[in-house]
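Hello,

Here is the structure I promised to hand over. Please open it next to this email.

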Amino acid sequence: MLQVKLIVTGDDFGYCPRRNQGIVECFLAGAISNVSLLVNGSAAADAAKLARRHNIPIGLHANLSEGSPVCEVLKTNSSLLNEDGFFHGKMGFRTALSKGLLNMSEVKQELKAQVELFRELTGHLPPHMDGHQHIHVLPEVRHVFAEVLEEYGIKYTRVPIEPGLHNCDWIPQSLMDFYLGVEEDSFNTVDVFTRHGIRWPDIYIGLSTMGKNMSVSTIWSAIDAAMAQLPSEAPAAPALRRRTVTIELMVHPGYPSVPPVGGCGEGPDDFSQSWERLHELQTLIKPELQSQYKTRNIQLCSFKDL
């Protein structure tokens, strides 16, 4: 029987105390197996303490798009900042990049500063590092990101190419357009990451199952669709020869943020204040989901277990 190792990663750990609480509850319930830390999050230090206390596997969620930089010299007069002194935002970062307004040496400086702060907070380097709002697969940024991972010996990342995404007709067109852009950027990133010796799970899931779209059935549909397409689509098809397939399921559970508490310097955004964070938490801890993992020979693990 094919063995499946499933990494369920709770993103945005450190965003606010309520997100931290929800993510820890999910981990203790066996619903997630890994977390990704926003070191510029308002509750990052508390998140690192919680990870140590509960032995939660933790990696770095590199952030160049929301809030404030952690590198002191970039907090003023940097190409990474808008006129209000904060990062450009999810779409603003992409616009600034497309116009050639971002200094890649400053991108590298900030990424390295975030790795160093992660080490300061946790006592170790991150076993994996990905990008908040998928900034790490963008043109130009992908090269700098890969250099930083190679320099620090960080072996694992995320490549957000979700098999079956094109068939998800419940996703609004505006959101699907963004996802398809992420997918195209990811395909163009594969060779770059490969050249730098960086690895990632065989399958990525998490776009079609985000927020209100998450249910036990949509998670299983996404896993089934991905498994069916693995030999032909995934860059890591040799997994089939070793009879083990690795999957990362990206999730965003938590209790909704309550302003003004939370965020990465600007206060909490609409995404973090949404009821959908609690919906994800409640879905992930459902006993029927976890019992199906056992039935299907799926073992939850973290990146350090690969």
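This is a predicted model: local features need pLDDT of at least 70, side-chain atom pairs count only at pLDDT 80 or more; totals for chains, interfaces and linings use all residues.

**The pocket**

The largest pocket has a volume of about 510 Å³. Its lining counts 29 residues. Nearest the centre of this pocket lie K90, Y179, M210, H252 and F271. Helix α6 supplies the largest share, 3 residues. By class, the lining of the largest pocket splits into 9 nonpolar, 10 polar and 10 charged residues.

**The cis peptide**

Check the bond between P259 and P260. This peptide bond is cis, with omega at about 5°. P260 sits in the loop that runs between β6 (244–251) and α10.

Two residues deserve a look here. D12 is not a glycine, yet its phi is positive, near 70°. Is D12 buried or exposed? Its relative accessibility is 3%, so D12 counts as buried, the cut-off being under 20%.

E140 also has a positive phi, about 70°, and is not a glycine either. E140 lies in a loop, between β4 (129–131) and α5 (141–152). The relative accessible area of E140 is 41%, so this residue is partly exposed. That class covers values between the 20% and 50% cut-offs.

Best regards

Notes. Residues are numbered from 1 along each chain as its sequence is written. Side-chain values use heavy atoms; hydrogens and water are left out. On a 1 Å grid over the protein atoms alone, a cavity is a set of points where a 1.4 Å probe fits but cannot get out, and a pocket is an open set with protein on both sides within 12 Å along at least five of seven lines; lining residues have an atom within 4 Å of a point. Grid points are joined across faces, edges and corners, and a volume is the space filled by probe spheres set on the points. Helices (H or I, at least four residues) and strands (E, at least two) are DSSP runs, numbered from the N terminus. Ala, Val, Leu, Ile, Met, Phe, Trp, Tyr, Cys and Pro count as nonpolar, Asp, Glu, Lys and Arg as charged, and the others, Gly among them, as polar. Buried means under 20% relative accessible area, exposed over 50%, partly exposed in between (1.4 Å probe, protein chains only).
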